[in-house]
Amino acid sequence: MGQLDTTTASYVMDDPREASRLYRKVDGPQWVETYFAEYMEGARNVLEVGCGSAPLLQAVAESFSPTRVVGIDMSLNRLQFFRSNQQHTGSTAHVLSANAYALPFPSGRFDVVYCRFLLEYLESPLRAIEEMVRVCRPNGRIILQDLDGQLLWHFPEDEDLEPLVHEVVNYLRTKGFDPFLGRKLFTFCHRATLQDVSVRVDSYHLIAGEIDAVNYELWKLKLDIALPQMVQALGNTEKAHEVQDRFLAYLKREDTLTYSVLFTVTGRKSCDAQRSSLNNDGAFCERC
């Protein structure tokens, strides 16, 4: 949700308005209940990698006090947004600026490490996952979420809009964005030596018929934030505005379907992956 890959060009949605948009868009307590709570038994230290404006981090901290909850992100703007908001919410979560490829924590530090909507923007997602595994304790949990098919799946296809959308997405891929990252998480978890890897798939962007007013405004803002990238992709401002107008008009039609899917992949760090590490009590893992 905002982590920058310092080995590539700037994050494609790097805009001061993005922090607020993402915060408004996410239902943190619902996410915790649906995807997260079952892994928190006995957890005392939790890390979110790529926390952005931290709506999930805040929800985790509120739901599982006094668990220590930490988030990292490279966007100073989004971290500041959270800190300003924290004064009103009283959240006990901690955030700091750090890179996903070099987490500033000792090995085996966290019981649960999670990451949502970050890996699709990284040049080397597997490298970031391996770093998450490093800082997770033996038998701890890694939870990864990313989208598949974002911006790409619609019916019926608009013959004028579709080529322009693909042109923009292909350009974003040259900047490190992977619209099909979700389906790759399962394999990446195995390559990172995680055990008991499980997969859940849900619909995410599911707009059947005319879009509701709230989501219309969120999409309008998202496209406006992405406008500079669309101009770069298409070569001129006029074509970029055409994509905006056509896409929003498409979402308002009664006969159209737009969707993407959300992959949630979880895995357990094996004892063998870090047999020599100590757990948080200063003793070897009971299963080692």
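Q: In this predicted model, buried means under 20% relative accessible area, exposed over 50% and partly exposed in between; to which of these classes does Tyr259 belong?
A: The relative accessible area of Tyr259 is 34%. Buried would need a value under 20% and exposed a value over 50%, so Tyr259 counts as partly exposed.

Q: What is the angle between the planes of Trp153 and Tyr259 in their aromatic pair?
A: Trp153 lies in strand 5 (residues 136-155) and Tyr259 in strand 7 (residues 257-269), so this pair ties together parts that are 106 residues apart in sequence. Trp153, at 23% relative accessibility, counts as partly exposed. The two rings are 5.3 Å apart from centre to centre, and the pair is tilted, with an angle between the planes of 35°.

Q: Is the aromatic pair of Phe105 and Phe110 stacked or edge-to-face?
A: Phe105 and Phe110 are both buried, and their ring centres lie 5.0 Å apart. Planes under 30 degrees apart count as stacked and those over 60 as edge-to-face; with 90° between the planes, the pair formed by Phe105 and Phe110 is edge-to-face.

Q: Which residue forms a salt bridge with Asp111?
A: Side chains of opposite charge can pair when their charged atoms come close. Asp111 is buried, with a relative accessible area of 4%, and it lies in strand 4, whereas its partner lies in strand 5, so the pair ties together parts that are 26 residues apart in sequence. The closest N and O atoms are 2.6 Å apart, and the partner is Arg137.

Q: Which side chain of opposite charge is nearest to the buried Arg116?
A: Arg116 has its place in strand 4 (residues 110-116), and its side chain is joined to that of Gln145 by a polar contact of 3.1 Å. Arg116 has no salt bridge, since a salt bridge needs a nitrogen and a carboxyl oxygen within 4 Å. At a distance of 7.1 Å, the nearest side chain of opposite charge is Glu48.

Q: In which helix do Arg134 and Glu131 both lie?
A: Arg134 forms a salt bridge with Glu131, and the closest N and O atoms are 2.8 Å apart. At 25% relative accessibility Arg134 counts as partly exposed, while Glu131, at 12%, counts as buried. An α-helix has 3.6 residues a turn, so residues three or four places apart point the same way. Arg134 and Glu131 are three residues apart, about one turn, and both lie in helix 5.

Methods
Residues numbered from 1 in each chain as written. Predicted model: local features only at pLDDT ≥ 70, side-chain atom pairs only at ≥ 80, totals over all residues. Heavy atoms only, no water. Helix = DSSP H or I, 4+ residues; strand = E, 2+ residues; numbered from the N terminus. Buried < 20%, exposed > 50% of the residue type's maximum accessible area, 1.4 Å probe, protein only. Lys, Arg positive; Asp, Glu negative; His and termini not counted. Polar contact = N/O pair within 3.5 Å; in protein donor to acceptor, adjacent residues only side chain to side chain. Phe/Tyr/Trp six-rings, centres within 6.5 Å; stacked < 30°, edge-to-face > 60°.
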